[in-house]
Amino acid sequence: MNKITGFARAFATAAVLLSVSVPAVKAQDVTEDQIKAARATIGALGVTNSFDNILPNLAERLKNSLIQASPNHQELISATVDEKALGLAARRSDLEREAATIYAKTFSVEELNAITAFYSSAAGKKLLNDGPIASRELLKAADIWAAGVSRDLANEATKSLDEKIGSAPAADAGTQAPAQQ
């Protein structure tokens with residue numbers, strides 16, 4: 001499965017966060033067909049892949065904190081925290097079920113199937129992989145375009161004002177030209 005990065009991940013995460021904040025969907029019950037379709041969509045999008053590191057990161061932080069407090073027991077602390085973290089790893093499925101429920105409440109089975117079909121296709125996979133690169137390049141192009149338009153606007157407005165009033169205001173000095181009498 002392709003890994004979502006940048007814009008595609010932000011879009012998918014925003015969809016999850018948006019669906020959590022919509023109160024109208026809370027009352028809906030979901031069927032197993034909806035959950036099944038939602039799981040397929042989540043798999044195609046990879047929206048929960050970024051959550052894979054939550055438990056390992058929490059375990060690492062706890063180990064660092066405990067080792068800092070008791071450096072003489074580093075090996076015991078590491079082994080104990082790792083053992084307990086592995087015991088909690090099964091709870092990852094709770095998060096997957098919650099994600100599937102959110103998607104099932106947000107989208108119809110038909111919509112989920114369409115989303116899954118697209119993101120499972122070659123074009124959908126390419127969008128997930130290359131969409132962030134295209135978005136980054138588009139942002140660069142927009143910055144360059146905006147700089148050019150800003151420069152041209154300032155030049156043209158200053159030139160026009162100079163012709164109309166004789167002395168154009170300083171565009172980038174932030175000061176006003178003296179009033180004519």
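**Cores, a helix crossing and confidence in a predicted model**

Me: What makes Ala38, Ile42 and Tyr103 stand out in the largest nonpolar core?

Reply: Of the 14 residues in that core, Ala38, Ile42 and Tyr103 touch the most other members, where a nonpolar core is a set of buried Ala, Val, Leu, Ile, Met, Phe, Trp, Tyr and Cys residues joined through side-chain atoms within 4.5 Å, and buried means under 20% relative accessible area (exposed is over 50%, partly exposed in between; 1.4 Å probe, protein chains only). Helix H2 (32-45), helix H5 (92-106) and helix H6 (109-120) each give two or more residues to this core, with H2 giving the most, 6 residues; helices here are DSSP runs (H or I, at least four residues), numbered from the N terminus. The model is predicted, so local features need pLDDT of at least 70 and side-chain atom pairs count only at 80 or more, whereas totals for chains, interfaces and linings use all residues. Residues are numbered from 1 along each chain as its sequence is written, and side-chain values use heavy atoms, without hydrogens and water.

Me: Why are H6 and H7 called roughly perpendicular?

Reply: The axes of H6 and helix H7 (residues 122-165), which come within 4 Å, cross at roughly 75 degrees; axes are lines fitted to C-alpha atoms, for helices over the stretch in contact, with angles from 0 to 180 degrees between N-to-C directions. Roughly perpendicular covers 65 to 115 degrees (under 35 is roughly parallel, over 145 roughly antiparallel, the rest oblique), and H6 and H7 therefore qualify.

Me: Which helix has the lowest mean pLDDT?

Reply: With pLDDT being the predictor's confidence in each residue, from 0 to 100, helix H1 (residues 6-21) has the lowest mean among the elements, 45. Where pLDDT is low, the predicted coordinates should not be read in detail.
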